[in-house]
Amino acid sequence: MRATIAACRGLASTAMAGVLLLGQSTVSLGQSDVPGLFDIPLGIDASIGYLYDDNVTRAPSGPDKLSDQFYSLNASKTFAFPVTDFTRLSLEAFGGGELAVKHSNLGNVFGGIQAAFQYRGSTEFDAPTFSLFARGLGEHFGSDLRSGYRLTAGVSARQPITETLGVFGALARTWRNANNSVFDTHENSALASVDWTIAPYGTLTFTGEYRRGTLVSTGQKTLTIIDIAQAFVNDDVFTSPQMIDYRFEAKSWLTTLDYNLPINATSALDLSWRWVQTTSTEKASFPGGGALKYFDNQFNVVLLVRF
Amino acid sequence: MNLGRLFVAATLAAAAACLLTACGGGSKAVVTTPQTLPVASATGSDRFLLFPNPQQESQAPALKPIDSMEYAKAYYKAIDLNDEKNTLEKWKTANGFGMGGNEVTVVFGDRRDLGYGRRMTARRNPLTGDIAFIVENYQVDPGGVYGFSALSIEAAVRQDTRWRILINAIEYSPATPGGVAFAKFFNFNPVTGAREFQVDLDGRGKKFMPGPCLTCHGGRGDGLIPDGFGNLLFPVVHNSLSQAPGDTQAHLAPLEVDRFEFSPLPGYTRPELEEKLKTMNLFILCSYPRPAGTRLGVPAGFCERRPDNGSEWQGSAAAELLIEAYGGDAPRDMFKDTFVPAGWKGDNQSLYDEVVAPSCRACHILRGTAGNAQIDFTTLDSFQSYAIFPGDYSPNGKTAGFDDRIKTHVIDRGDMPLAKFVFDNFWSSGGPERLAQFLDAQQFTVRDASKAVLQPGRPVANPGPDRLISRGPVQLSAVATKFEDTFVWTLVTRPAGPEPILTNANSAQPVFNASVDGIYTLRLVASKGSVQSAPAILTLKVEGAPTGKKIAFDDVRPILENATCGPSCHNASRGPPAPPVFFVAANGGVRGDREVFYAEVRSRINFTDIVASPLLRKPSGRHHNGGLIANFDDTQVPGDPVRSSYDLFVNWIVAGAPLDPPP
């Protein structure tokens with residue numbers, strides 16, 4: 001069992017989340033011959049988590065860079081439907097919510113469905129698994145501006161290397177349609193991960209991802225922000241001082257180091273650290289003006305249980 | 001496990017609810033793009049940076065208003081005959097920018113007047129003493145309310161040309177080498193550098209040059225004059241020292257540093273810029289004429305201020321402001337604005353501090369002449385001279401020298417304060433209440449039933465000037481009424497006999513038809529929606545049968561040329577203090593340039609508010625160095641012999657002030 005659901009945080013783009021979910025699903029397929037894993041009566045994965053985010057505003061260093069902590073509850077259930085000897089359709093329903101400690105209107109509930117059409121050419125150990133996937137997510141924040149839908153579609157592949165080592169890759173595109181058009185974003189992402197299982201101590205996963213598209217940051221108006229922004233709106237969470245949410249074109253590098261520690265047959269503890277670097281593709285229009293760049297760190301602890 | 005299942009069920013239920021509620025139907029929060037212009041329409045109709053007298057177009061001869069392309073072309077022709085400065089680069093080259101000399105640059109936020117971030121560079125030619133200022137203006141507040149933003153200062157510091165909305169330039173130089181320097185105003189396209197005929201200084205739309213600049217730099221808004229060949233020329237202000245067309249008697253404005261905002265960025269903080277600002281202010285002071293006996297105000301050897309000519313703007317109030325701000329003859333490096341003119345110290349100093357200094361001073365301090373300086377508001381008495389309650393005609397006539405200009409401009413018409421940003425700041429400050437207290441004391445009605453200060457935008461009825469008319473149909477006019485939708489005229493008093501007929505009594509221009517001589521009074525109430533104006537009374541003196549004669553310039557001209565007005569005062573050879581317009585030639589004889597004479601006289605008529613016309617105000621004793629002229633006493637009822645000339649002038653103006661009798 002792997003930590004996946006925590007990645008669905010609303011402020012984080014869901015491209016990675018979707019892909020990780022898919023990666024998880026694929027990993028599960030790869031491990032589906034583990035006896036008894038799907039014999040649990042409900043077959044529902046649930047988690048309770050804690051996350052510290054040192055930059056919930058996605059702001060460059062300075063007074064606009066604000067941190068927060070989140071408590072999360074999540075659940076999901078996956079249904080697998082064999083199609084042929086080598087393919088199957090996987091449907092997953094998931095939902096959850098977050099409570100924000102400092103900025104309560106960042107709290108949210110969400111729910112969605114993911115579908116994946118998966119292909120594995122043989123049952124040989126080293127046979128790769130390919131997948132076409134799509135994912136829909138509705139989310140409702142305390143912030144009216146942020147509530148809306150997200151859709152993700154893409155392809156992925158998982159390749160076992162050894163008994164303990166596997167690699168995973170995915171390409172995806174995500175669209176976000178929010179109540180406020182500033183939060184209407186889109187991005188493309190490419191992801192690769194390596195997982196290394198050290199029985200019985202768990203699994204260590206390293207993920208690297210590159211994204212390019214539009215995203216939203218929050219901060220007080222500055223010349224650089226106004227120069228690079230496509231659109232902005234007064235935020236309804238960070239109002240003292242009044243900040244704006246601004247959409248801009250950017251590229252991001254994300255790395256995640258994840259350690260999944262099995263507790264027993266139906267539960268695990270997952271620890272992860274995600275590091276994000278985002279740089280605007282546009283530069284401020286004044287002489288010597290640079291791009292906007294920010295960093296973000298997220299530390300996540302999740303207890304996963306399968307019922 | 002049951003607890004766990006309950007948790008899962010609750011989570012999935014919440015998620016399902018989320019799916020149903022996520023489509024909230026769209027946020028009402030306003031989305032802004034960087035291309036969205038600041039909002040500048042919050043205070044209704046555009047009446048900012050316009051002369052109260054806009055100059056009305058005429059056909060014979062063809063004259064044009066100030067806010068017209070013809071006016072702008074005539075101005076640039078006057079100050080740059082051969083188009084040698086029709087681009088920014090040419091202008092900068094002509095003024096020696098980048099060629100050494102004393103050249104300084106500052107950046108500040110203009111948080112009082114126009115709301116820009118301003119990058120200002122000034123240069124003084126060490127050989128000629130010519131001075132040039134170029135100002136890049138930055139405005140960064142997409143979607144915001146037009147006005148000051150700290151981002152605009154940052155843009156000015158960083159020269160972020162995306163937000164550079166205007167490039168203005170002022171040059172203090174003579175028309176011809178060796179002549180008398182005067183201030184010339186240019187406006188350049190911020191992208192191409194081409195000289196522009198129009199400028200939008202406040203987000204309210206473009207206006208033609210140079211009006212928006214002259215209005216607050218002390219410039220005159222005189223009408224153009226015909227050259228006899230179908231061209232319109234910029235007039236000469238006859239009491240100017242330069243005698244150059246284009247010398248509108250505008251001036252460089254003091255940089256009131258205490259009212260600026262500065263950037264925190266290194267190199268641009270106020271302490272770092274004080275010395276440069278002081279240099280600029282000394283440049284400005286160098287451009288002011290120096291009346292005899294007044295302080296030089298600049299360090300020895302810095303410049304020589306030329307002596308005034310005894311007639312022109314004296315510069316005293318502006319010079320004193322600068323001199324005092326630097327501690328007298330400039331021994332202090334820091335500008336400190338604690339200046340209160342001696343004439344304002346005392347009980348009414350708060351009126352100066354709360355109203356005059358923040359809302360009037362910047363423009364008024366640059367106005368006036370040697371013979372008529374009250375308009376610079378540098379004393380309480382001068383300010384008060386524009387707030388003398390009229391009273392009514394009975395029993396001994398209205399108050400001598402009555403004058404309601406402050407109430408009219410600020411409370412009724414809303415064309416003062418002149419700049420939108422200043423206007424908005426004034427009405428959001430304690431200034432209106434303080435001004436109302438002053439006007440209350442002057443007996444003006446400036447409050448509504450709840451004692452709140454009346455604000456412009458409500459309907460204000462104006463039935464035009466009281467008149468002497470003949471029996472028979474006469475068209476009345478309420479075109480000077482403001483902010484109205486509808487009109488209601490009613491007859492209030494009349495002499496015995498048949499009742500006069502009032503046709504189209506609910507229009508702006510009804511026809512009044514009396515068959516009996518005597519004094520009639522009519523009441524005009526204007527409305528805007530359900531809001532009614534205070535009633536305004538029009539007094540008409542009906543006297544005699546119509547003669548059929550159509551009034552024209554030659555009917556009023558003899559009054560201008562008579563001994564009182566012409567040879568003794570408005571004489572081209574008059575010594576100081578000379579008026580800015582003359583009615584007779586230097587030898588006291590008739591002017592031979594009839595159309596030009598007419599245009600200059602017509603220029604002194606305000607068709608939008610006839611009683612505000614200098615042609616009526618001056619001879620009736622308002623801020624006129626010649627005082628009250630015989631037969632212009634408008635404190636008396638129309639038809640009274642002591643106001644016969646006033647009545648004649650009014651009727652000529654009401655008839656459109658034609659040069660020749662209409663066919």
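Is B:Thr279 buried or exposed? At 15% relative accessibility, B:Thr279 counts as buried, where buried means under 20% relative accessible area, exposed means over 50% and partly exposed lies in between (1.4 Å probe, protein chains only).

## Basis of the report

This is a predicted model, in which local features need pLDDT of at least 70 and side-chain atom pairs count only at pLDDT 80 or more, while totals for chains, interfaces and linings use all residues. Residues are numbered from 1 along each chain as its sequence is written, chains are lettered from A and ligands numbered from 1 in the order in which they are written, and side-chain values use heavy atoms, with hydrogens and water left out.

## Chain A

Chain A has 2 helices and 13 strands. Helices (H or I, at least four residues) and strands (E, at least two) are DSSP runs, numbered from the N terminus. Of the 307 residues of this chain, 54% count as buried. Among the contacts in chain A with a separation of 6 or more, 61% come from residues 24 or more positions apart; contact means heavy atoms within 4.5 Å.

## Helix H6 of chain B

B:Thr279 is found in helix H6 of chain B. Leaving aside neighbours within four places in sequence, B:Thr279 is in contact with B:Asn102, B:Val104 and B:Phe302. From B:Pro271 to B:Arg204 the distance is 34 Å, C-alpha to C-alpha, and the two are 67 residues apart in sequence.

## Packing of H6 and H7 in chain B

Two packed helices are described by the angle between their axes and the distance between the axes. For H6(B) and helix H7 (residues 316-325) of chain B, the angle is about 150° and the axes are 10 Å apart. That makes H6(B) roughly antiparallel to H7(B). The axes are lines fitted to C-alpha atoms, for helices over the stretch in contact, and angles run from 0 to 180 degrees between N-to-C directions. Angles under 35 degrees count as roughly parallel, over 145 as roughly antiparallel, 65 to 115 as roughly perpendicular and the rest as oblique. H6(B) passes H7(B) in a left-handed crossing, a term used if the near helix is turned anticlockwise from the far one by less than a right angle (right-handed if clockwise).

At this packing, B:Asn281, B:Ile284 and B:Leu285 in H6(B) meet B:Ala319, B:Leu322 and B:Ile323 in H7(B). H7(B) is mostly covered, with 7 of its 10 residues buried. Those buried residues are B:Ala317, B:Ala318, B:Ala319, B:Leu321, B:Leu322, B:Ile323 and B:Ala325, and their cover includes H6 and H8 of chain B. Just after H7(B), B:Gly327 takes a positive phi of about 80°.

The structure holds 37 aromatic pairs over all chains. One of them, B:Phe423 with B:Trp427, is tilted, at 6.4 Å centre to centre and 55° between the planes. Rings of Phe, Tyr and Trp (its six-membered ring) pair if their centres lie within 6.5 Å; planes under 30 degrees apart count as stacked, over 60 as edge-to-face and the rest as tilted. B:Phe423 and B:Trp427 are separated by about one helical turn, because they are 4 residues apart in helix H11 (residues 420-427) of chain B. B:Phe423 is buried at 4% relative accessibility, and B:Trp427 is buried with a relative accessible area of 15%. Elsewhere, ring pairs link B:Tyr71, B:Tyr75, B:Tyr76, B:Trp91, B:Phe97, B:Phe186, B:Phe188, B:Phe197 and B:Phe234 into a cluster.

## Charges over rings

The charged end of B:Lys398 sits over the ring of B:Tyr393, 4.5 Å from the ring centre. B:Lys482 lies over the face of B:Phe483, at 5.5 Å from the ring centre. A charge sits over a ring if NZ of Lys or CZ of Arg is within 6 Å of the ring centre and within 35 degrees of the ring normal.

The axes of helix H13 (residues 553-561) and helix H16 (residues 644-654) of chain B come within 10 Å and cross at roughly 145°. The contact is made by B:Phe553, B:Asp555, B:Val556, B:Ile559 and B:Leu560 of H13(B) and by B:Ser645, B:Leu648, B:Phe649 and B:Trp652 of H16(B).

B:Ser603 is placed in the loop between helix H14 (594-602) and helix H15 (614-617) of chain B. B:Ser603 counts as buried, at 6% relative accessibility.
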